[in-house]
Amino acid sequence: MKETWSKGALLVIACGAGFFLGWGSKTLGAGSVSGEAVARNVSAKAPRPQLSDESGGETRNYRTLRAAVGKQLEGGELTGVIERMNDEELRALLEAWEDKPFLDLKLRSKMGMATKLAATELFKRQGIPALEWAEKSGRKDLFSALVEAAACREPKVARAWFDRLVATHGAVSGAYVATAAKQAARMRGSADLLEIEALYKSNMIAKIPEFADGFDHAGYLRNSADEFSCRATLRYLAAADPAAAEQLIRDGLSGQGKVNWSYAGAAALEGRAAMTSEEEAVRWIGGVLGEVDQESRTPLIANMVGRGTSDHRVEALIKGLPGDQDRLELARHLMMKLEPTGQALTALRAMDSDALRVRAIEYRLQAYDSAKLAEPSLRSEVGGKLEALMENLQMADGARQQVRGLLPEAR
Amino acid sequence: MAMVVHGYRNWRSCTYQVTGKLDSRSFALSGMKCSPVSGELDLVMPWLVDLRPMLQTRNARGAALLAAAFVLSGLAGWSVGKKPSATASRADPGLSKPDKSERLEGRKPATAEEFREWVEWLVAEGPGRKERMESWTDQELRSALDEGMKDPGLALHGPAMGTLLLILEEWTSRDPSAATEWWEAISSDVTRGHLAVALSSGWPKERASEGLDFVARHREAFLGPDGSKCGNIIGSVVAAALEKGPEAADEILVRLREAKLPLMLGPAGFPAGFDFAAFARAAEMSTLIAENRARFFYQAWLRQDPERAFASLIDDYRNVKGDPAESIFSGFYPGLRVGAPGMTENAGWLGKKIGTLDAEEQQELARKGGEIMCREPAAVEAFVGALTDPVAKAQASVAAARDVMIEDVATAMRLLAVERDQDARVDLLKASLEYRGQMAGKPFSAEDERVLRATLAEWAVAHEQIDGLVDIAKKKGGNR
């Protein structure tokens, strides 16, 4: 009896398992008639939300997460959905979306990404007809999206369409396209980027999030004429390979390369400072500058500071630059308005002696025409500012007298 | 032996995994797992079926019978099973509020509207950072942060920075003390400053007040030249105070001022039924109003109680006499943004309110109103139509025309026509065309030229003068 029940139970289980697997293999495994996404195997469509899973199964470390974040920045979950849309649906999506400033920022960002992906997919499938359709629409955003997609995938083919976009919708639209085309080329390699830079000229500052694996930064920097791109590239290189960046700055300041190295060199300090302390970063750039003649390095020093430069950076620069002349150049630049506060005050305060402060003020005053400075109104104005500055610096009386003596006699 | 069936049904994706062990004597169907995407149903059908008795039998007939039953049942199941149909999926009522896994996995929105709806859902409820990082251990977070700090990509603020932000935010949400200790030890000012935002976004709401003290101690990092990065912490503190009422809210304003921190409202904003009038009378808040720094306050008040808020705005304007763009219209900005739903109605409502003021006050406000609404001609017309003073109407129209001219020549000409003085009108037109040239507007088309010439002919402008104005319009400039 017991055996009968046992066999009966086994039969039921066999039937049940067979039925379930049979049902599942059709219902769950088969493709959808309407084209809905169907994951056919685990590797093709792993459960989504765990970012770590997307890039490396169960491995949870910085490298795998970074790869997953990179995928998100490229479209993430939008990519698969858009790839599965048919042409008509892609066109409808592109036509329907209009970016408006009052909409939620995250929605705008995600939909912006979606329309770029949709435009890319449409161009990938249709090529020129997609561009013609977008142009006929008369919509700037739509035409721009398609031309951008084309410029990223087929930059040479898209060049004529780029001109048509600019002619119809203005240079700003073109600048966005050129920037995107360059970024796409950057992800293909330095040779491609140099070629595309010659094809699409624009002066728009672009965010440069990544380089292709094996990108030849040094080769690129020696040959590119794109000022903004070179700044960002050197910023990255100074973080990744300071020795290579050092050599490039030295060569650049001695006249090699096609861009103004006083700007690119200043960007290198930014890159180094992302990896280490302000003092260490300044020590590094100071070491590079110490090997370059004063005339070549002076313009770079002025470019290392701007309105957003922190007091800590100013202080580190004053203390860490290789020579007094460098400190005087920096201080003169920061004292342009002769303000008794802010960066000027920080720079002078960071100097190690009143004697150097007096020299810095003297150097700044040399920028004035002495005859004009002798005019009572200007003399009084400048004198008043210097008094306030000296007071804030708590300079010794002797040093203050020296500064007062620098001003010409009033006429 | 391993057998994997991975399937999908009606927007829902499940992974069925049947793993078997087979040796010479035994087989174990060790588990069947249904794991939908979000993990909410991690193990719906945990089976452990021991089939040893079945396979241990030496009765060949029995084994054959069981095998046949298995195969036949499988065929029956296959024939019963249904593929997901387009009709079923599109008619899925779950579109309005489906399970998260349904939305994320295997979704194919059929229309642009559905796509946008799906993206809105992703933005609002999709897997957030917390959800993505919660399986990481503290040690893994710490190790990943240390590894990430060596990534030169940090200099470019791309995925490298995004990754570190994700990790640090998660760690902060679990253990703000340990996370801040790690953060304070970062040698690079630049990177420390960029990562500050993760401390703010991850900071536990219930400890927001403590977070505010931390922000105040590190102002240089949280309020650097690249913008403020303490919105979440300050927003949480302010939201908690607003919940308590005007008195507590005013105390927070004082605390922020003393700590030299900016006022930031959290996403919750002002709670329903908040006593705005009492808050307006509070010491710190009334100072902000007097200094035209109360845009956040009036925007919220206008949303909750527009009549009383507008009356208070007018009173304040009469007392302070500042720039109406910073007082009267500032409160309306969200409703007056180009293309915003209801912009025309909002503009009409505001015009109607301003139309109740005396002529002098209307004129003071009309020009500013026209400038602010200029990119939406329908809103300008609604605003102008509701004003009662003719001079104010003309001023609003003309003020809007200059900006409208950048994109829409025909409408701009219509707005300029409100100016009755012919010389003044042509001067305004000339200035508008020159302004257009300086801005990055659309190229001046043949249709634009036709409209310009036809309108000027209607205004009886001399031919030579028309040619001169067309030349100005065609002149390139700005960013073109």
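Here are legends for several close-up views of this predicted model.

Residues are numbered from 1 along each chain as its sequence is written, with chains lettered from A and ligands numbered from 1 in the order in which they are written. Local features need pLDDT of at least 70 and side-chain atom pairs count only at pLDDT 80 or more, while totals for chains, interfaces and linings use all residues; side-chain values use heavy atoms, leaving out hydrogens and water.

**View 1. Helix α21 of chain A is largely enclosed by the rest of the structure.** Helices here are DSSP runs of H or I with at least four residues, numbered from the N terminus. This one covers residues 354–365 and reaches 16 Å from its first C-alpha to its last, close to the 16 Å expected at 1.5 Å a residue (the expected span is 1.5 Å times one less than the number of residues). Of its 12 residues, 9 are buried, including Leu356(A), Val358(A), Ile361(A) and Tyr363(A). Buried means under 20% relative accessible area, exposed over 50% and partly exposed in between, using a 1.4 Å probe and protein chains only. What covers the buried residues includes α19, α20, α22, α23 and α24 of chain A.

**View 2. Asp354(A) sits in α21 of chain A.** Its side chain makes a polar contact with the side chain of Arg357(A), at 2.5 Å. A polar contact is a pair of N or O atoms within 3.5 Å; within protein, one must be able to donate a hydrogen and the other to accept it, and residues adjacent in sequence count only if both atoms are side-chain atoms. Leaving aside residues up to four places away in sequence, Asp354(A) also touches Met395(A), Ala396(A) and Ala399(A), where contact means heavy atoms within 4.5 Å.

**View 3. Glu307(B) and Lys353(B) meet in a salt bridge, 2.5 Å from N to O.** Glu307(B) belongs to helix α18 and Lys353(B) to helix α20 of chain B, so the pair ties together parts that are 46 residues apart in sequence. Both ends are partly exposed: Glu307(B) has a relative accessible area of 43%, and Lys353(B) comes in at 21%. A salt bridge is a side-chain nitrogen of Lys or Arg within 4 Å of a carboxyl oxygen of Asp or Glu. A search of the whole structure turns up 50 of these over all chains.

**View 4. Phe270(B) and Phe296(B) form a stacked aromatic pair.** Their rings are 6.3 Å centre to centre, with 25° between the planes. Rings of Phe, Tyr and Trp (its six-membered ring) pair if their centres lie within 6.5 Å; planes under 30 degrees apart count as stacked, over 60 as edge-to-face and the rest as tilted. Phe270(B) is in the loop between α14 and α15, while Phe296(B) is in helix α17, so the pair ties together parts 26 residues apart in sequence. Phe270(B) is buried at 9% relative accessibility, and Phe296(B) is buried too, at 18%.

**View 5. Phe310(B) and Trp349(B) make an edge-to-face pair.** The ring centres are 5.9 Å apart and the planes stand at 80°. Phe310(B) lies in α18 and Trp349(B) in α20 of chain B, so this pair joins parts 39 residues apart in sequence. Phe310(B) is buried at 5% relative accessibility, whereas Trp349(B) is partly exposed at 25%.

Technical notes. Helix = DSSP H or I, 4+ residues; strand = E, 2+ residues; numbered from the N terminus.
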